[in-house]
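Here's a quick tour of a model, with the cut-offs spelled out along the way. Have the structure open while you read.

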Amino acid sequence: MQHEETVMNHDDKSRLALERRLDGRLWAVREGEAIAVTPLRCFPWSAPMRCLSLRDDEQQEVALVWDPADLDPESRGALEEALVQAGFVLDVTRVDEVEEDFEIRSWKVHTRQGARSFQTALDAWPREAPTGGLLLEDVAGDLYR
């Protein structure tokens, strides 16, 4: 597969497929050729699930996914699973308190690593993780399962 930037948008859905293989890695498949990739979040930090760079083992960009919603459901699931595994995910064991304030929701939880407090946007709700359970992303980009 050539290392050329492929910008994914509504017109490019069929050009790129993503899949998790038995080796546990994310693979980008285009025109019958496959290459192992690692997803990296790009700017803006305010939209961490958008504009994802898919890099090969030499850190060369293979593809740029503007919006995972533009991918087919299987590719989107594979990408989300890879992001969970690549990122820092805290396992929540107990939710003690959730307070809502203007545009912000403040959480007090216990994790396997100890007590934590974090904030999410008021309209950010947990989403289903590809491997089961729920995921919540705070305003700093950390993930809580």
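In which strand does E61 lie? E61 lies in strand β6, which covers residues 61–65. Strands here are DSSP runs of E with at least two residues, helices are runs of H or I with at least four, and both are numbered from the N terminus.

Before going on, some ground rules. This is a predicted model, where local features need pLDDT of at least 70 and side-chain atom pairs count only at pLDDT 80 or more, while totals for chains, interfaces and linings use all residues. Residues are numbered from 1 along each chain as its sequence is written, and side-chain values use heavy atoms, with hydrogens and water left out.

**Charges**

Back to E61, which is buried yet has no salt bridge. Buried means under 20% relative accessible area, exposed means over 50%, and partly exposed is in between (1.4 Å probe, protein chains only). A salt bridge needs a side-chain nitrogen of Lys or Arg within 4 Å of a carboxyl oxygen of Asp or Glu. For E61, the nearest side chain of opposite charge is R55, 4.1 Å away; Lys and Arg count as positive, Asp and Glu as negative, and His and the chain ends are not counted. What E61 does have is a polar contact of 2.5 Å with S53, side chain to side chain. That term covers a pair of N or O atoms within 3.5 Å; within protein, one must be able to donate a hydrogen and the other to accept it, and residues adjacent in sequence count only if both atoms are side-chain atoms.

Side chains of opposite charge can pair when their charged atoms come close. The salt-bridge count for this model comes to 6, including these:

| Salt bridge | N to O distance |
|---|---|
| R21 and E19 | 2.7 Å |
| R105 and E100 | 3.1 Å |
| R20 and E81 | 3.8 Å |

The R20 and E81 pair links distant parts of the chain, 61 residues apart: R20 belongs to strand β2 (residues 17–20) and E81 to helix α1 (residues 73–86). R20 is partly exposed at 23% relative accessible area, and E81 is partly exposed at 21%. R21 is also in the partly exposed class, at 34%, as is E19 at 31%. In the remaining table pair, R105 is buried at 3%, whereas E100 is exposed at 56%.

**Cores and rings**

Where do the nonpolar side chains gather? A nonpolar core is a set of buried Ala, Val, Leu, Ile, Met, Phe, Trp, Tyr and Cys residues joined through side-chain atoms within 4.5 Å. The largest one has 16 residues, and L16, L18, L26, A28, V37, L54 and L79 have the most contacts inside it. β3, β4, β5, β6 and α1 each give two or more residues to this core, with α1 giving the most, 4 residues. Another core lies apart from it and has 6 residues, among them W107, V109, F118 and Y144.

How many aromatic pairs does a search of the whole structure find? It finds 2. Rings of Phe, Tyr and Trp (its six-membered ring) pair if their centres lie within 6.5 Å; planes under 30 degrees apart count as stacked, over 60 as edge-to-face and the rest as tilted. W107 and F118 are stacked because their ring centres are 5.8 Å apart and their planes are at 5°. Together, ring pairs link W107, F118 and Y144 into a cluster.

**Sheet and loops**

Strand β13 also takes part in an open sheet of 4 strands, in the order β7-β13-β12-β11, with mixed pairing. Two strands pair if DSSP finds at least two bridges between them. The edge strands, each pairing on one side only, are β7 (89–90) and β11 (127–128). β7 pairs with β13 (residues 143–144) in the parallel sense over 2 bridges, and V89 stands opposite L143.

E31, in the loop between β3 (26–30) and β4 (33–41), has a positive phi near 50° without being glycine, and is exposed at 76%. Q59, in the loop between β5 (52–55) and β6, has a positive phi near 65° and is partly exposed at 43%.
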